[in-house]
Amino acid sequence: YSGIIQEHLAVRNYGGLFDVSHMGEFYVTGEGAETFLQFLTLNDVTTLQPGDAQYSAMCNSSGGILDDLIIYRYGPDRFMVVVNAANIDKDFQWFFQHCPGDVSLENRSSDISLIAFQGPLSREILSGILNIPLEDLGFYTFRETEAFGATITVARTGYTGELGFEVYGPHTTIPEIWDAILDRGASKGIIPAGLGARDTLRLEMKYCLYGNDIDETTNPLEAGLGWITKLDKGDFIGREALLEAKANLTRRLVCFELQERGIPRHGYRIFRDSTEVGVVTSGGQSPSLKKGIGLGYVPREFAKSGNRVSVEIRGKQVPAIIVKPPFYKGGSLHN
């Protein structure tokens with residue numbers, strides 16, 4: 001589209017429109033659906049009312065993260081689970097492997113298109129296009145509605161730190177909504193945005209990226225996802241391993257800012273004095289802050305904000321400081 005920096009700044013200031021139809025959607029229905037998802041995932045599914053969405057993850061029996069995901073509760077026995085694109089087949093196999101007889105599973109990933117409209121102007125513009133009020137749609141809630149001749153789901157979640165909405169619907173309908181948003185929003189600075197900008201936006205918020213910051217070799221507690229890990233909710237896959245991990249945490253996923261010019265990249269080594277202590281999991285130049293930022297796992301003793309480390313960039317040790325998340329604090333997320 002326009003380029004990562006222009007797209008990134010458009011989302012922060014006005015709005016950007018992402019095509020994220022590559023994400024996976026599973027329908028989980030039946031009398032045992034809630035119990036099944038409660039056992040499969042880390043967060044407490046029983047707290048969801050119809051119209052609520054929940055960020056969660058699922059682990060293997062060793063406590064390693066298989067994927068992070070969002071659960072949407074449509075009714076008492078009807079859920080949609082949205083998973084990462086690269087994990088669709090693996091995840092569906094995991095769901096199928098553990099599925100009891102009173103639950104039906106359907107992989108609808110190839111039937112559903114998805115756009116994410118993120119930015120301070122997103123509510124105003126989308127409300128006008130869909131002709132429904134979105135002021136009362138709270139963070140991590142959603143609704144089904146009729147628009148452009150089809151049933152769609154409008155959710156208020158996001159991966160950017162800005163006010164924003166996701167729209168799920170048929171392949172024939174979502175392009176019409178995409179065009180309508182751009183037609184109405186062009187004069188206000190709304191532009192299409194790609195996955196490069198999505199990556200810089202989520203990095204500024206310390207939102208984990210599966211395959212970089214979290215995977216089967218990491219557990220949710222060291223990744224800073226303790227807030228979605230409900231160890232007291234009853235049994236779930238990985239619980240015993242996570243109880244043990246909680247008592248023996250050795251490292252943490254931290255945010256760092258470079259103190260000199262440089263761009264940290266995935267795989268670069270992190271040092272404390274002359275000792276290698278970690279590796280960069282995500283990094284780049286922050287378009288909002290105009291400095292190099294990154295995430296990486298370091299030993300717990302160095303994980304407090306204010307601690308100084310360095311990142312090896314092209315053979316040079318570039319000084320960095322551990323900071324509290326998020327990097328960018330001026331978002332419209334809760335407006």
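This is a predicted model: local features need pLDDT of at least 70, side-chain atom pairs count only at pLDDT 80 or more; totals for chains, interfaces and linings use all residues.

Student: Is Cys255 buried or exposed?
Tutor: Buried, because its relative accessible area is 1%.

Student: Let's zoom out. How many helices and strands does the protein have?
Tutor: There are seven helices and 17 strands. Both are DSSP runs numbered from the N terminus: helices are H or I with at least four residues, and strands are E with at least two.

Student: How compact is the protein?
Tutor: It is as compact as a globular protein of 335 residues, because its radius of gyration is 20 Å, close to the 20 Å from the globule rule. That radius is taken over C-alpha atoms, and the rule is 2.2 Å times the number of residues to the power 0.38. The C-alpha atoms fill a box of roughly 60 × 50 × 30 Å along the principal axes.

Student: What share of the residues is buried?
Tutor: Buried residues are 57% of the 335.

Student: Which strands make up the barrel?
Tutor: The closed barrel has six strands in the order 12-15-14-13-16-17, paired antiparallel. Two strands pair if DSSP finds at least two bridges between them. On average, neighbouring strands of this sheet are turned by 45° against each other, direction ignored. For angles, axes are lines fitted to C-alpha atoms, for helices over the stretch in contact, and values run from 0 to 180 degrees between N-to-C directions.

Student: Does Cys255 come back here, or what stands opposite Leu295?
Tutor: Cys255 stands opposite Leu295, which is in strand 15. Strand 12 (residues 251-258) and strand 15 (residues 291-299) are antiparallel, with seven bridges between them.

Student: Which helix packs on that sheet?
Tutor: Helix 6 (residues 195-204) does, touching strand 14 (275-286) and strand 15, and its direction makes about 125° with that of strand 14. Seven of the ten residues in helix 6 are buried. What covers them includes helix 1 (4-13) and strand 1 (16-19), along with strand 14 and strand 15.

Student: Give me one residue from there. What does Arg202 touch?
Tutor: Arg202 is in helix 6, and it counts as buried because its relative accessibility is 1%. Contact means heavy atoms within 4.5 Å. Beyond its neighbours within four places in sequence, the contacts of Arg202 include Tyr159, Asp213, Ser282 and Leu295.

Student: New topic: where does Ala53 lie?
Tutor: Ala53 lies in strand 3 (residues 53-59). Ala53 is buried, because its relative accessibility is 8%. Leaving out neighbours within four places in sequence, its contacts include Ile70, Tyr72, Phe142 and Thr157.

Student: How does strand 3 pair with strand 4?
Tutor: They run antiparallel, with seven bridges, and Cys59 stands opposite Ile65 in strand 4. Their hairpin has five residues between the strands, and Gly63 in that hairpin takes a positive phi near 90°.

Student: How many residues of strand 4 are buried?
Tutor: Eleven of the eleven in strand 4 (residues 65-75), so strand 4 is largely enclosed by the rest of the structure. Strand 4 also pairs antiparallel with strand 5 (residues 78-83) through five bridges, and Ile70 stands opposite Val82 in strand 5. Two residues lie between strand 4 and strand 5 in their hairpin.

Note on methods: Residues are numbered from 1 along each chain as its sequence is written. Side-chain values use heavy atoms; hydrogens and water are left out. Buried means under 20% relative accessible area, exposed over 50%, partly exposed in between (1.4 Å probe, protein chains only).
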